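Keep the model open as you read.

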There are 2 protein chains.
Amino acid sequence: MTGAMMPEGADAVVMQEVTQRDGDEVKIFEGVDKTGNVRFTGESVAKEQQVMGKGKYLRPPEVSMLASLNCPEVTVYRKPTVAIVSTGDELTPLGEPLEPGKIRDSNRYGLYAQVEEAGGIPIDMGIAPDDEVETERIFRAALAKADALITSGGVSVGEHDVVKSVLARLGKINFWRVAMKPGKTAGLTAFRTENLFWIAGNPVSSLVVFELFVRPALLKMAGHTELLASDLQSHFS
Amino acid sequence: MTGAMMPEGADAVVMQEVTQRDGDEVKIFEGVDKTGNVRFTGESVAKEQQVMGKGKYLRPPEVSMLASLNCPEVTVYRKPTVAIVSTGDELTPLGEPLEPGKIRDSNRYGLYAQVEEAGGIPIDMGIAPDDEVETERIFRAALAKADALITSGGVSVGEHDVVKSVLARLGKINFWRVAMKPGKTAGLTAFRTENLFWIAGNPVSSLVVFELFVRPALLKMAGHTELLASDLQSHFS
């Protein structure tokens, strides 16, 4: 049988498909090299060989390899929990009528899907109003229950933008405003402390900033060592 | 504010960053084109424009777009349920000692992970022994509870390979044995009726046959129209 152990004394295998049984005799219609169709012990994985290192993402091939090596349990990082807040009185939740000058709150849903796709557990914290006390309360509640907080909107220099001053009280601003497009007016704004991400309100900007800045950080939190799309590409090239 | 409605009579916006307020006056330090920094109604999506069609995979950008268009509910296909069976008395479950001539059952775990990655719901049906009656019972039970069945192993022409004769009773063989590598001895063997996939026992063959034959079929069951990796690439080129 395919996959069966070699019988004592045999050193090659002829495929049954090229043979014919005739009573107690077997006719063989094709030759075979010495060691032909034989797999040797340790051919797939040698003794002491490392098959995967720390920080390796367990895709189906890795799962299959772990099973073949009889590793029913492995230690993994837990998925990071990520709170998502939209900010601004101009945002209208789905299902409510859109009044003049208001915009639909779409980033919360896009970010939710992005967090899931990046292997995180999203926590929807709703919409924070243009009020410093209430915004700070929501942000602190989010950071108390989640590993990270993503807040979207409120990044311009308008009078009602309370987000930046609240964030400055919660952590150190590592960087702010990145010269990139999309994000026409002033380049994109990305605010990040260890676990706090402040991204632009424009829907396309929000999607792009997540991909470039937030996704690698979430992957790092989850123990990944391949943080960028270019790292993953290297598997296939 | 960024994103706010244009006031009556205004036709351009100067960024606050290049202005300075001086009592009741505002000093402007940079000019602006007519309609500068203005977004018009219908600029992102025109009236009656189709933003996505049937069979479109809802990735984060599509989720964000649906939210921005106030579509809180969309009709989607449910995830296909996929039963997974390993076949053969030579297979040893994880955690049990590996006796001479036996091999570790790894494909079930790899296939489980692949089904999840392809958006299906895997159902682990364990190992079917080299016994036609019991194998048929397990296969029928699997097809009764799942949308599809993947069975791994038992594809050679050995005397104990009962899988093919059982499968022939359950459905029409659409194709069998594909000339491709990996799958040295006789090319890979892929058996498929509408919802029944029989793939080779070699672990690498199993992973590859799933990717090439089973994944596109599961995606099709789930309503996808982009079934091959090359279809997805077209998003980025």
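In helix 3 of chain A, the residues A:Glu132, A:Thr135, A:Glu136, A:Phe139, A:Arg140 and A:Leu143 meet A:Val163, A:Ser165, A:Val166, A:Leu167, A:Arg169 and A:Leu170 of helix 4 of chain A. Contact here means heavy atoms within 4.5 Å. Helices (H or I, at least four residues) and strands (E, at least two) are DSSP runs, numbered from the N terminus. This is a predicted model: local features need pLDDT of at least 70, side-chain atom pairs count only at pLDDT 80 or more, and totals for chains, interfaces and linings use all residues; side-chain values use heavy atoms, with hydrogens and water left out. Residues are numbered from 1 along each chain as its sequence is written, while chains are lettered from A and ligands numbered from 1 in the order in which they are written.

Stay with this pair. The axes of helix 3 (residues 132-145) and helix 4 (residues 163-170) of chain A come within 10 Å and cross at roughly 45 degrees. That makes helix 3 of chain A oblique to helix 4 of chain A. Axes are lines fitted to C-alpha atoms, for helices over the stretch in contact, and angles run from 0 to 180 degrees between N-to-C directions. Angles under 35 degrees count as roughly parallel, over 145 as roughly antiparallel, 65 to 115 as roughly perpendicular and the rest as oblique. The crossing of helix 3 and helix 4 of chain A is right-handed. A crossing is right-handed if the near helix is turned clockwise from the far one by less than a right angle, and left-handed if anticlockwise.

Now turn to chain B. Helix 2 (residues 107-117) and helix 5 (residues 203-221) of chain B have axes that come within 10 Å and cross at roughly 30 degrees. These two helices of chain B are therefore roughly parallel to each other. Their crossing is right-handed. Helix 2 of chain B contributes residues including B:Asn107, B:Leu111 and B:Gln114, and helix 5 of chain B contributes residues including B:Pro203, B:Phe210 and B:Leu218.

What covers helix 2 in chain A? Its buried residues include A:Asn107, A:Leu111 and A:Val115. Buried means under 20% relative accessible area, exposed over 50%, and partly exposed in between (1.4 Å probe, protein chains only). The cover for the buried residues of helix 2 of chain A includes strand 3, strand 6, strand 7, strand 9 and helix 5 of chain A, together with helix 1 of chain B. A:Gly119 follows helix 2 of chain A, and its phi is positive, near 90 degrees.

A:Thr87 sits in strand 3 (residues 81-87) of chain A. Its relative accessible area is 4%, so A:Thr87 is buried. The side chain of A:Thr87 reaches the backbone oxygen of A:Gly153 at 3.1 Å. Among the residues that A:Thr87 touches are A:Phe139 and A:Val163.

B:Asn174 lies in the loop between helix 4 and strand 8 of chain B. B:Asn174 counts as partly exposed because its relative accessibility is 39%.

Finally, the wider view. Chain A has six helices and nine strands. Of the 237 residues in chain A, 36% are buried.

Key: Polar contact = N/O pair within 3.5 Å; in protein donor to acceptor, adjacent residues only side chain to side chain. Lists of a residue's contacts leave out its neighbours within four places in sequence.
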